[in-house]
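Q: I'm new to this one and would like a close look at a single part. Here is the structure I mean.

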Amino acid sequence: MERAVKNGRIKQSLAFWCLNATQWAWDIDRICQAAADLGCPSVELSPPELWPVLKRYGLENALAHNGMPDPVFARGLNNPRYHEEILARTKTEIERCADCGVPNVIAFTGYKWIDADDPASSEISLAQGADCTVAGLSELARYAAPRNVTVVLEQLNTRDDSHPMKGHPGYQGDDIDYCAEIVRRVGSPHVKLLFDVYHVAIMNGDVIRRLRQYAPWIGHVHIAGVPGRGELDGSQEIHYPAVMRALIETGYQGYVGQEFIPMREPEVGLAEAVACCDV
């Protein structure tokens, strides 16, 4: 692939799972080579055992998983019954990130049910879920701060039930305003928002206004086509050059992860997406 990055004002990252855990089944070397060829400085969300491969290609790792078993977003910080496990696993990942120079580790509110595996169980109220998430993130912030790692809380959409990775019905933190308020309440530079444009567009809309509104609390950004989580092409409704220009105007210095699921041969879609965001 030819180099797609010309300006480099947006630091772009390829999401490992979109190319590996989908029909394309690219291995880590192929993903790293694609990132290097395109001019993207990072590959994110790969398993820790593969991180040395990124180093070999001279790439950064913008974002790490929280160490929870799949689905990683189901058992979350909104539920006190899972706190011990989540905090222990996330602290282990924070240690690993500190050792390897990874700036961010992901966090989730989790599903709204008392038993995350049973939608028939009673629901956690929004207020209780927020309080529990604030408590969990506050503890993680204290652990992450001296290790120079940031925990980023992701909002996910609950509207799309067509595919297990296009939407997440039952996820409590499906409102970007709700998640941003949680992060604001924690009040630590080591807890921020993971602003996923795809999920925000589906649940809230008004993406550019919200980017500007929550700029001080944004620690990482994800992007994909809407609707469908596919390529950033003419078939989707978001004009990403405008979104990227607005992001630059806020002074954002973090990474933008290309987290779309390729619907056709990935090489072409990746090149188009990276060039589209290289404003």
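At what angle do helix α5 and helix α6 pack, and how far apart are their axes?

A: Happy to walk you through that pair. Keep in mind that this is a predicted model, where local features need pLDDT of at least 70 and side-chain atom pairs count only at pLDDT 80 or more, while totals for chains, interfaces and linings use all residues. Residues are numbered from 1 along each chain as its sequence is written, and side-chain values use heavy atoms, with hydrogens and water left out.

Helix α5 covers residues 126–144 and helix α6 covers residues 176–186; they pack at about 45°, with their axes 9 Å apart. That angle makes α5 oblique to α6 (under 35 degrees is roughly parallel, over 145 roughly antiparallel, 65 to 115 roughly perpendicular, and the rest oblique). Helices here are DSSP runs of H or I with at least four residues, numbered from the N terminus. Axes are lines fitted to C-alpha atoms over the stretch in contact, and angles run from 0 to 180 degrees between N-to-C directions.

The crossing of α5 past α6 is right-handed, meaning the near helix is turned clockwise from the far one by less than a right angle.

Who touches whom? On the α5 side you'll find Leu126, Gly129, Ala130, Asp131, Thr133, Val134, Leu137 and Ser138, and they meet Tyr178, Ile182, Arg185 and Val186 of α6 (contact means heavy atoms within 4.5 Å). Sorted by class, the contact of α5 with α6 has 7 nonpolar, 3 polar and 2 charged residues. Ala, Val, Leu, Ile, Met, Phe, Trp, Tyr, Cys and Pro count as nonpolar, Asp, Glu, Lys and Arg as charged, and the others, Gly among them, as polar.

Methods:
Helix = DSSP H or I, 4+ residues; strand = E, 2+ residues; numbered from the N terminus.
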